[in-house]
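Here are a few notes from going through the model.

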Amino acid sequence: MVWKFNDEQPIYQQIISQIKERIVAGEWKAGSKLKSVRELALEAGVNPNTMQKALAELEREGLVYSQRTAGRFVSDNKEKTDRLQEEMTMECIKTFVAQMEKMGYKKEQIIEMLNKYISENK
Amino acid sequence: MILECENLSKNYGSVKALDNLTLKIESGKIVGLLGPNGHGKTTLIKTLSGLLSKDKGKVLIDGKRIGVGTKKIVSYLPERSYLSPEMKIKEVVSFFQEFYEDFDAKKADAMLGELSLDKESKLKSLSKGNREKVQLIMVMSRKAKLYLLDEPMGGVDPAARDYILKTIISNYSEDATVIISTHLIQDVEQILDEVVFLKEGKVMLHSDVDELRMEKEKSVDALFREVFSC
């Protein structure tokens, strides 16, 4: 996965959501060690301070943790990562449903369309 | 506080290049100095590097007045090169080594090695992009407290710009501050902590980039275009 940033949101917020996606997708495995702030900053092409800010926030949320000398790790607390996955899934569904309703679909129609799409695109 | 300017003024004849400019910048930041041509960016940078003298006001770098003491801790990349095109790369390296106590020749050699440039080549034989890269490597190989980069990406291709940005990110020490003057806002935006908009020699805006994006819901580049639209 490559880092990509839009123009509207603060960069550190975008980093936070992209790291969350990586954790949920298992690209950053539970309990694995993170690269250093500078390496990650370089990889994403952002300021090390911004990367640091994003990681500090993720630490506050308990999704990554620091060990004084060993560095930073992805949380291996399954409860936390499961909850994150659920939150992100709900967020995704919410956006989808809102978009469909905007186009004039009723709830039943949305379910019908979704079922149709899934069965056709197996 | 690495930099403090108070009511700084500089005139060229009747033109006010810097007009009662007040600006404070902390250590450990990457700051974009943005503004249209002719609004004081280069004058400010040259004043900070000690190449121009101010007419009025106060400037302190790391608490010191501009002079020999500040030149030791300020690493300056000029908009136009002062190096002779006849110089070979290895001569540029020894030139910097002789001039600056804080120059790390090993670091410079390693970076030049990565670019696989022949140290026997003369500057004039290099492409514009490579010339810019060599000079940036020299400037970033000093262990300075304040880096002043005047248009470090002017006129080079996008790949060279990426290289330049990465070199800046990976080489400034964490307690140092980097001030980058540029028009290429979109290219530098991702690496900036703060931006300073200069208009007619005054600070028109000085803000944290993330806060600015949050508040205005647009990029610094878009905001700049709006503020300075003709």
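1. How many salt bridges are there between chain A and chain B? The count is one. Keep in mind that this is a predicted model. The bridge in question pairs Asp210(B) with Lys53(A), and their closest N and O atoms sit 3.7 Å apart. On the chain A side, helix 1 (11–24), helix 2 (37–44) and helix 3 (48–60) each bring at least two residues to the face that touches chain B. Helix 2 of chain A has the largest share of that face, with five residues.

2. Contacts involve 22 residues of chain A and 22 residues of chain B. The area buried between the two chains is about 1,700 Å², with carbon and sulfur atoms giving 44% of this. Asp7(A), Arg38(A) and Leu42(A) together supply 34% of what chain A buries against chain B, more than any other three residues. As for polar contacts, 14 residue pairs are counted between chain A and chain B, both residues being at pLDDT 80 or more. By type, the chain A residues touching chain B split into nine nonpolar, eight polar and five charged.

3. Now for salt bridges in general. Over all chains, the whole structure has 22 of them. Lys124(B) and Glu86(B) make one, at 3.0 Å from N to O. This pair ties together distant parts of the chain, 38 residues apart: Lys124(B) is in the loop between helix 4 (105–114) and helix 5 (128–140) of chain B, while Glu86(B) is in the loop between strand 6 (74–77) and helix 3 (89–99) of chain B. Lys124(B) counts as partly exposed, because its relative accessibility is 48%. Glu86(B) is also partly exposed, at 42%.

4. The loop between helix 4 and helix 5 of chain B turns up again with Glu120(B), whose partner Lys90(B) lies in helix 3 of chain B, 30 residues away. Lys90(B) is partly exposed at 37% relative accessibility, and Glu120(B) is partly exposed at 41%.

5. Separately, Asp62(B), Lys64(B) and Lys145(B) are joined into one network by salt bridges that share partners.

6. Last point: helix 9 (residues 220–227) of chain B. Its buried residues include Val220(B), Asp221(B), Leu223(B) and Phe224(B). They lie on the same side of helix 9 of chain B because they cover an arc of only 160° around the axis. What do the buried residues of helix 9 of chain B pack against? Their neighbours in chain B are strand 3 (30–34), helix 7 (185–188), strand 9 (194–199), strand 10 (202–208) and helix 8 (209–216).

Methods:
Residues numbered from 1 in each chain as written. Chains lettered and ligands numbered in written order. Predicted model: local features only at pLDDT ≥ 70, side-chain atom pairs only at ≥ 80, totals over all residues. Heavy atoms only, no water. Buried < 20%, exposed > 50% of the residue type's maximum accessible area, 1.4 Å probe, protein only. Helix = DSSP H or I, 4+ residues; strand = E, 2+ residues; numbered from the N terminus. Arc of directions from axis to C-beta. Contact = heavy atoms within 4.5 Å. Buried area = accessible area lost by both parts, 1.4 Å probe. Salt bridge = Lys/Arg side-chain N within 4 Å of Asp/Glu carboxyl O. Polar contact = N/O pair within 3.5 Å; in protein donor to acceptor, adjacent residues only side chain to side chain. Nonpolar A, V, L, I, M, F, W, Y, C, P; charged D, E, K, R; others polar.
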